[in-house]
Amino acid sequence: MNKKSMYLVLGVAAVVAAFLLGGVANLFRAEETTARPEFVNVYTSRHYGVEPVFERFTQETGIQVRFTTGSDAVLRERLRAEGKNTPADVYMAVDAGNLWLAGEAGLLAPVESQVLSDNIPSHLRDGGNRWFGLTRRVRTILYHPDRVSPEELSTYEALAEPKWQGRLVMRPATHSYTQSLVSSLIAAHGPVRAEGIVRGWVANGPTLIDSDTRILEALAAGQGDVALTNHYYLGRLLQANPQFPIRVFWANQNDRGAHQNISGAGVTAHAQNRANAIKLLEWLATAGQEEFASSNHEYPANPKATAHPIIVGFGEFKADTLNIGEFGRLQAEAVQILDRAGYR
Ligand SMILES: [Fe+2]
């Protein structure tokens, strides 16, 4: 073998060796990728019952959920401050107004998902696919049957009539539940009539309590006869005490239906585990839907899922199908109306 052909053989051998070694290295890398634990990081203000649901997601998918709880506004502020460095892949919130604000602030990235559009009705999600409702909560009329008969009740608007003077228990204006309810009045009637209704409530001198649970306990204890709260607080109290005396009345059944809101979620703009985040949302909308909704006595957003038996016991009702993004869009106006009407 002359020198030239020896170099040629050595050269070919080197290329073959490099190729083989590279292949082996790639094999190890592939192994490493599959063995690396998968995560999704969630910032959530919905804290009731999330842990067992996330655990089941991990069992079914192998993706571990790390979650941080806090108030909606604080978690949004944290996302904003962390920017590109945020560890959060998912922002989960209660009340559509909060998700709407996160979307408008550029904190969420749109998700195109056939699973989500097939399973979540369009009025329960953002038109721009930045957030999706996962459970439904209905803010309706609650009453003490010893002091009120259901025939006396009809609508949110009718609670502005003078017969309810000194008998109402409601949540303060600072809470998003109150603001979204007033947004729904603006959507239904325009701002002028909405303000008139709020003024009527205020004229009845409602007792304001900043906790739906305490509102219902006050009603049970005889402080007031009629209240507005989310339905699941009664579900929770009935779970603890089936004899709890307060009853649900479904508001506005002869017109637009009872005011419903959501808890829901979106994928953050800077998610580092975006694929896992989408998987979590899709799972919560389908396989995990019933457990997720039932964990807080909420109605499923997915119409194919069944609700918890306690709230099935509240009976069938018609819910307002206004797109819930409207509660966000109208929130600032609702706050002004509450303020002008003297609702504190
Ligand atoms: Fe709540």
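How do E3 and strand E10 (residues 259-268) pair, and over how many bridges? The two strands run antiparallel, with five bridges between them. A pair of strands here means that DSSP finds at least two bridges between them. Strands (E, at least two residues) and helices (H or I, at least four) are DSSP runs, numbered from the N terminus.

Before going on, a word on the model. It is predicted, so to speak of a local feature takes pLDDT of at least 70, and side-chain atom pairs count only at pLDDT 80 or more, while totals for chains, interfaces and linings use all residues. Residue numbers start from 1 along each chain as its sequence is written.

**The chain overall**

There are 14 helices and 11 strands in the chain. Of its 344 residues, 43% are buried. Buried means 20 or more other C-beta atoms within 10 Å of the residue's own, exposed means 12 or fewer, and partly exposed is in between, with C-beta atoms placed from the backbone. Among contacts in the chain with a separation of 6 or more, 79% are between residues 24 or more positions apart. A contact needs the two C-beta atoms, placed from the backbone, to lie within 7 Å.

**Strand E3 and what follows**

Back to E3, residues 90-94: five of its five residues are buried. In a regular strand, side chains alternate between the two faces of the sheet. On one side of E3 sit Val90, Met92 and Val94, on the other Tyr91 and Ala93, and all are buried. Strand E1 (residues 38-44) runs parallel to E3 and is joined to it by three bridges. Val42 is the residue opposite Val90, while Ala93 has Gly264 of E10 as its bridge partner.

Asp95 comes in the loop between E3 and helix H4 (96-104). This non-glycine residue has a positive phi, and so does His297, in the loop between helix H11 (289-294) and strand E11 (299-300). Asp95 counts as buried because 26 other C-beta atoms lie within 10 Å. His297 is buried too, with 26 C-beta neighbours inside 10 Å.

| Residue | Phi | Loop |
|---|---|---|
| His297 | about 55° | between H11 (289-294) and E11 (299-300) |

Which residues of helix H9 (residues 231-240) are buried? They are His231, Tyr232, Tyr233, Leu234, Gly235 and Leu237.

The axes of H8 and H9 are 9 Å apart, and the helices pack at an angle of about 65°. Axes are lines fitted to C-alpha atoms, for helices over the stretch in contact, and angles run from 0 to 180 degrees between N-to-C directions. H8 brings Asp212, Thr213 and Leu216 to the contact, and H9 brings Tyr233, Leu234 and Leu237. By class that gives four nonpolar, one polar and one charged residues. Nonpolar covers Ala, Val, Leu, Ile, Met, Phe, Trp, Tyr, Cys and Pro, charged covers Asp, Glu, Lys and Arg, and polar takes the others, Gly among them.

**Ala187 in helix H6**

Ala187 belongs to helix H6 (residues 176-189). Because Ala187 has 18 C-beta neighbours inside 10 Å, it counts as partly exposed. Leaving aside neighbours within four places in sequence, Ala187 is in contact with Leu322, Glu326 and Leu330. Leu322 is 135 residues from Ala187 along the chain, yet their C-alpha atoms are separated by 8.3 Å.
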